[in-house]
Amino acid sequence: MTLRSDLNIIQSWVSPESQVLDLGCGQGELLSFLKQHKQCKSYGLEINPDSIVSCVEKGINVIEHDLNDGLKHFKNGSVDTVIMTQALQAVDRPDLLLEDMLRVGKEAIITFPNFGYWRTRLFLMLKGKMPMSKTLPFNWYDTPNIHMCTFQDFEKLCSEKGLHILDRTVVDKDHQESLAIRMWPNLLGEIAIYRVSR
Amino acid sequence: MPQSNSANSVGVITPQIAKFDEPLTLVSGKTLASYELTYESYGELNADKSNAILICHALSGHHHAAGFHDGDKRPGWWDACIGPGKVIDTNKFFVLSVNNLGGCHGSTGPTTTNPETGQPYGSDFPMVRVRDWVESQARLADRLGIDKFAAVIGGSLGGMQALRWSIQYPERLHYSVVIASAPKLSAQNIAFNEVARNAIMKDPEFHDGHYIVKNAIPKTGLMTARMLAHLTYLSDDAMGEKFGRDMKSDEVKYNYSPEFQVESYLHYQGEKFSTSFDANTYLLMTKALDYFDPAQYYDHDLAKCLDEATCKFLVVSFTTDWRFSPQRSEEIVDALIEADKDVTYARIESEKGHDAFLIPIPRYINVFGAYMNRVAQELKL
């Protein structure tokens with residue numbers, strides 16, 4: 001099974017046989033991979049009915065749950081790693097969810113699109129309209145992405161909350177790294193993958 | 001009978017009876033010296049007897065879950081989900097459905113003759129708890145040579161049995177499917193049951209539960225009990241959609257006979273039930289519901305209680321179910337997660353209230369069907 005490249009970076013940060021919680025686990029690709037290749041014990045939270053069925057078909061422990069209700073199903077420190085891919089910007093209160101993730105897990109792995117990406121900045125500056133792209137394909141009025149932020153914004157939030165950034169990989173829309181992105185991540189990176197702890 | 005010939009029906013079914021002479025000591029301390037269980041089965045038990053599924057029925061249910069009794073026009077109560085190619089696929093599974101002890105559809109219960117008196121048990125029939133039902137079902141499984149069920153499945157009170165199975169005989173099931181259920185009743189649930197019981201017991205025809213020998217039936221009481229309970233199975237929206245404020249005639253009559261369609265419907269449901277169900281069984285089943293609280297033996301810690309389980313779980317709830325709301329199912333889910341158990345949970349959008357668990361709502365069928373496919377796959381059936 002080949003994994004989407006961003007998920008491949010994430011799985012490399014997960015320890016074998018650890019307890020994993022995936023927020024917005026989609027069709028369960030990552031959890032399925034972690035179960036098969038790293039013998040992880042996991043739960044996935046998902047709200048999309050079709051995705052839930054896909055998870056059931058893969059034998060994933062999927063719990064129907066709205067992330068805006070927090071992680072009340074889980075006790076403090078009950079899992080090793082809490083993962084959330086491309087959902088931080090779509091929840092009501094990303095700051096509270098981030099705290100909840102690190103209440104439940106020892107570590108959190110988070111990915112989100114960078115609103116500081118140069119094309120996004122240029123789109124707004126030249127067109128005077130809310131940016132749209134392959135990574136951000138929605139209109140301003142129907143977008144689920146209600147809390148867009150830049151990498152700098154996110155790192156500022158982590159620092160305000162006293163969270164440690166253990167790892168950061170910044171990639172383009174195809175989840176590839178480059179030297180230029182490493183030099184100017186907030187300008188050239190489209191998606192970031194962070195690993196944080198308390 | 002065209003229905004029984006249709007490709008996805010289990011066809012004409014004849015109930016069977018298993019007689020047990022080994023005494024059964026109940027949780028209450030009383031003993032049944034002998035008893036009978038009436039049951040039905042659908043599909044074929046495979047050679048190594050690994051494809052058996054137990055269906056547990058709800059308060060007013062019985063063993064007739066699928067197919068047709070000879071001459072009947074209506075199929076069993078869960079025919080929508082049990083049959084060839086259906087969610088509980090009888091091409092893969094051997095499905096067993098038992099009338100619970102204390103019931104009134106064939107298994108030993110209050111209408112059965114008490115061997116000690118030669119009269120019907122009536123209210124002398126000992127109270128049974130969910131644990132007793134599981135025990136009696138396990139004995140039936142022994143009789144049929146089934147060591148371990150592929151799955152135990154139930155909705156509402158049936159879900160409580162599926163949950164109880166997981167901790168009472170953890171080694172005897174691979175999967176537990178708990179639908180529209182709760183880990184215990186709330187004060188409000190118990191209160192509704194008590195109003196129903198009160199209606200039955202205050203009926204002058206009740207005769208302290210020995211109405212059969214008096215050739216009487218506490219029909220009014222049972223009817224009121226059913227009307228009340230029926231309300232708790234429906235949501236406000238479902239009733240609104242079905243009846244609104246529609247009236248039987250355009251003219252207001254200014255009397256107390258049923259005028260609104262919803263009144264007629266409730267009277268019809270109550271009437272139908274009061275002539276087909278035994279009042280003592282109704283009392284007994286509601287008490288079994290009230291007493292159900294498996295966590296009470298584990299310091300009222302449900303996670304500690306469910307830690308006994310070794311099976312995997314599917315938990316399903318319905319958004320407008322206010323008898324056993326999604327929150328009640330989520331108590332089970334939370335405890336299972338805390339106990340590190342394998343659990344899948346779906347909260348199905350439906351306007352049908354508690355009754356939704358009997359209705360083939362597409363999303364419900366999709367997720368339940370996918371899960372049962374998974375069961376068959378993992379057990380290589």
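Reply: Two residues are in contact if their C-beta atoms, placed from the backbone, lie within 7 Å. Note that this is a predicted model.

Me: Among contacts in chain B between residues at least 6 apart in sequence, what share joins residues at least 24 apart?

Reply: Start with contacts in chain B whose partners are at least 6 apart in sequence. Then keep those joining residues at least 24 apart. That share is 71%.

Me: What radius of gyration does chain B have, and what would a compact globule have?

Reply: Chain B has 381 residues, and a compact globule with that number would come near 21 Å. The C-alpha trace spans about 65 × 50 × 50 Å along its principal axes. The value for chain B agrees with the globule, because its radius of gyration is 21 Å.

Me: Which residues have the most contacts inside the largest nonpolar core?

Reply: Buried residues make up 50% of chain B. The largest nonpolar core has 157 residues. Leaving aside neighbours within four places in sequence, Ile53(B) touches residues including Ile88(B), Phe93(B), Phe149(B) and Ala151(B). The residues with the most contacts inside the core are Ile53(B), Phe149(B) and Ala151(B).

Me: Which element of chain B gives the most to the side that touches chain A?

Reply: The contact takes 16 residues from chain B and 14 residues from chain A. On the chain B side, helix 10 (326–338), strand 12 (343–348) and helix 11 (362–378) each give two or more residues. By class, that side has eight nonpolar, two polar and six charged residues. With six residues, the element that gives the most is helix 11 of chain B.

Methods. Residues are numbered from 1 along each chain as its sequence is written. Chains are lettered from A and ligands numbered from 1 in the order in which they are written. This is a predicted model: local features need pLDDT of at least 70, side-chain atom pairs count only at pLDDT 80 or more; totals for chains, interfaces and linings use all residues. Helices (H or I, at least four residues) and strands (E, at least two) are DSSP runs, numbered from the N terminus. Ala, Val, Leu, Ile, Met, Phe, Trp, Tyr, Cys and Pro count as nonpolar, Asp, Glu, Lys and Arg as charged, and the others, Gly among them, as polar. The radius of gyration is taken over C-alpha atoms; the globule rule is 2.2 Å times the number of residues to the power 0.38. A residue is buried if 20 or more other C-beta atoms lie within 10 Å of its own, exposed if 12 or fewer, and partly exposed in between; C-beta atoms are placed from the backbone. A nonpolar core is a set of buried Ala, Val, Leu, Ile, Met, Phe, Trp, Tyr and Cys residues joined through C-beta atoms within 7 Å.
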